[in-house]
Amino acid sequence: MPGLVELRSIDVVPDSERHGTAFSQFTLWLGANLQITAVVTGALAVVFGGGAFWSLLGLALGNVLGGAVMALHSAQGPRLGLPQMISSRAQFGVKGAVVPLLLVIVMYVGFFASGSVLAGQAVGELTHLGETPGIIIFALVTGATATVGYRVIHALGRVASVVCALAFVYLGVRLLDRADLGAILADRAFDLPMFLLAVSLSASWQLAFGPYVADYSRYLPRTTSARATFWWTLAGSALGSQSSMAFGVLVAATAGEAFLSGQVGYVVALGGTGLIASFLYFVIALGKLTVNVLNTYGGFMSMVTSVSGFRGQRTLSPRGRALYIAAIMIAGTAVALLGKDSFLTSFKDFLLFLLTFFTPWSAINLVDYYLISRERYDIPALSDPHGRYGGWRWDALAVYGIGLLAQLPFLVTHFYTGPLVAPLGGADISWIVGLAVPALLYWLLARNSRDTGVSPTDTPVPAPYAVEHGSP
């Protein structure tokens, strides 16, 4: 039985160390999404001009669509026993995978920072030390937890899923006691750009989990049903995020400027004072700790994957692990301290900016895994730049680049708006283009040119899996 402290990093998890059930993905992703940043994300749909009724529906649609893509990545974990971004080497090459990886690392640092801003407010209030010390304390606890690894991350998710769910039910009851829900939802005027903004906000939230979601399913037994992994991941992530975002919509619709001036303080004041307030500050910090540990752990995995592609490294020492995690923690904390005074606008643009870069990656990875390679990868070749997948796969990198460029005419951010946005009434549909264009191009390019034959080193297919999925 493996110990509490994780020893593996980017290497394959052997069958002897596999454990758990697909239900573990539900509790992990439920806990990771019942948190304050998801509340703020939902609130943004109203803050930037949307009505509550259509914002709720738009957020739900985005959570389901984006969550389905994210859950398809999760289903790769038990099959391969590898971190998510290692599988990108099959598409982009052992060295070429560094291109999306560098952007993934930026994402982790950004989410660590945005989470630390809100958690820092909670920790600062809880300890009476203020926001800046709160951010630093939170970052140190996050780094220490991520260093322990996989088992403690799942344990934290189980605790957070229960504690945060109870807190959100309580806060929801308190909110409905003081708000007229019928009046909030009475405005049914449909505004397409605002509806699509809500869809994009929640879809980007879900898609941003894609580059690391399999990191947390890779220890499941190889015979774990892909369908079960998919549905439990989708259920936990979509239910958790929609609950948080719906709460954010209702809070923003009723609070207005009071919420904008202090998101954490307003939510806690809604719950009460004294011990209740202290408990709610703790819940906010716990929810953010859960997801920030995922960001730190995923960032560390991505950094190791990037470096190992050039060094041929397959394992990592405990000291090296701690140094990589410290680098993510320091960078994220620095960004949090610099950007804490312009959080809401910066975070909305950050989400939509991320979506631009990760939808083409998701499209290429999923098409290759499910349609081209048919769930079979040559695991040793993923570490050999002279092997089956090569060092650089310029065709896939070209498709990735085209996928990025195809989105620009449809993109809406604070600092850039594409030329085709106005004819669409201001709607942002860039993420739809970013999924469809590279998926189609990659499939057309790779279906006849890729080596999809089976070699002795390909991932084996256990009998139950072969029967269930019709694998050869």
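Is F53 buried, partly exposed or exposed? F53 has 21% relative accessibility, so F53 counts as partly exposed. Here buried means under 20% relative accessible area, exposed means over 50%, and partly exposed lies in between (1.4 Å probe, protein chains only). The notes below take up other parts of the structure.

1. **Ground rules.** This is a predicted model, in which local features need pLDDT of at least 70 and side-chain atom pairs count only at pLDDT 80 or more, while totals for chains, interfaces and linings use all residues. Residues are numbered from 1 along each chain as its sequence is written, and side-chain values use heavy atoms, with hydrogens and water left out.

2. **Overall make-up.** The protein has 19 helices and 0 strands. Both kinds of element are DSSP runs, numbered from the N terminus: helices are H or I with at least four residues, strands are E with at least two. Of the 472 residues in the protein, 60% are buried. Contact means heavy atoms within 4.5 Å. Take the contacts between residues at least 6 apart in sequence: 87% of them join residues at least 24 apart.

3. **Helix 2 against helix 11.** Helix 2 covers residues 36–47 and helix 11 covers residues 226–255. Their axes come within 6 Å and cross at roughly 45°. That makes helix 2 oblique to helix 11. The axes are lines fitted to C-alpha atoms, for helices over the stretch in contact, and angles run from 0 to 180 degrees between N-to-C directions. Angles under 35 degrees count as roughly parallel, over 145 as roughly antiparallel, 65 to 115 as roughly perpendicular, and the rest as oblique. The crossing of helix 2 and helix 11 is right-handed. A crossing is right-handed if the near helix is turned clockwise from the far one by less than a right angle, and left-handed if anticlockwise.

4. **Who touches whom there.** Helix 2 brings A38, V39, T41, G42, A43, V46 and V47 to the contact with helix 11. Helix 11 brings S244, M245, F247, G248, V249, A252 and A253. By class, this contact has 10 nonpolar, 4 polar and no charged residues. Ala, Val, Leu, Ile, Met, Phe, Trp, Tyr, Cys and Pro count as nonpolar; Asp, Glu, Lys and Arg as charged; the others, Gly among them, as polar.

5. **Helix 2 against helix 3.** Helix 3 spans residues 52–74. The axes of helix 2 and helix 3 come within 9 Å and cross at roughly 135°. The two helices are therefore oblique to each other. Helix 2 passes helix 3 in a right-handed crossing. G42, A45 and V46 of helix 2 meet A52, S55 and L59 of helix 3. This contact has 4 nonpolar, 2 polar and no charged residues.

6. **Helix 1 against helix 14.** How do the axes of helix 1 (residues 23–33) and helix 14 (residues 275–311) cross, and at what angle? They come within 7 Å and cross at roughly 110°. That makes helix 1 roughly perpendicular to helix 14. The crossing is left-handed. L28, W29, G31 and A32 in helix 1 meet T290, V291 and L294 in helix 14. The count by class is 5 nonpolar, 2 polar and no charged residues.

7. **Aromatic pairs.** The whole structure holds 24 aromatic pairs. Rings of Phe, Tyr and Trp (its six-membered ring) pair if their centres lie within 6.5 Å; planes under 30 degrees apart count as stacked, over 60 as edge-to-face, and the rest as tilted. F53 and W54 form an edge-to-face pair, 5.2 Å centre to centre with 85° between the planes. W54 is partly exposed at 26% relative accessibility. The rings of W392 and W394 have their centres 5.3 Å apart and their planes at 5°, so this pair is stacked. W392 is partly exposed at 36%, and W394 is exposed at 58%.

8. **One aromatic cluster.** W29, Y108, F111, W205, F209, Y212, Y216, Y297 and F300 form one aromatic cluster.

9. **T359.** T359 sits in helix 16 (residues 343–372). At 0% relative accessibility, T359 is buried. Leaving aside neighbours within four places in sequence, T359 is in contact with L207, Q407, W431, G434 and L435.

10. **L441.** L441 lies in helix 18 (residues 430–446). L441 is partly exposed, at 33% relative accessible area. Beyond neighbours within four places in sequence, L441 is in contact with V399 and I402. The C-alpha atoms of L441 and I364 are separated by 9.0 Å, and the two residues are 77 apart along the chain.
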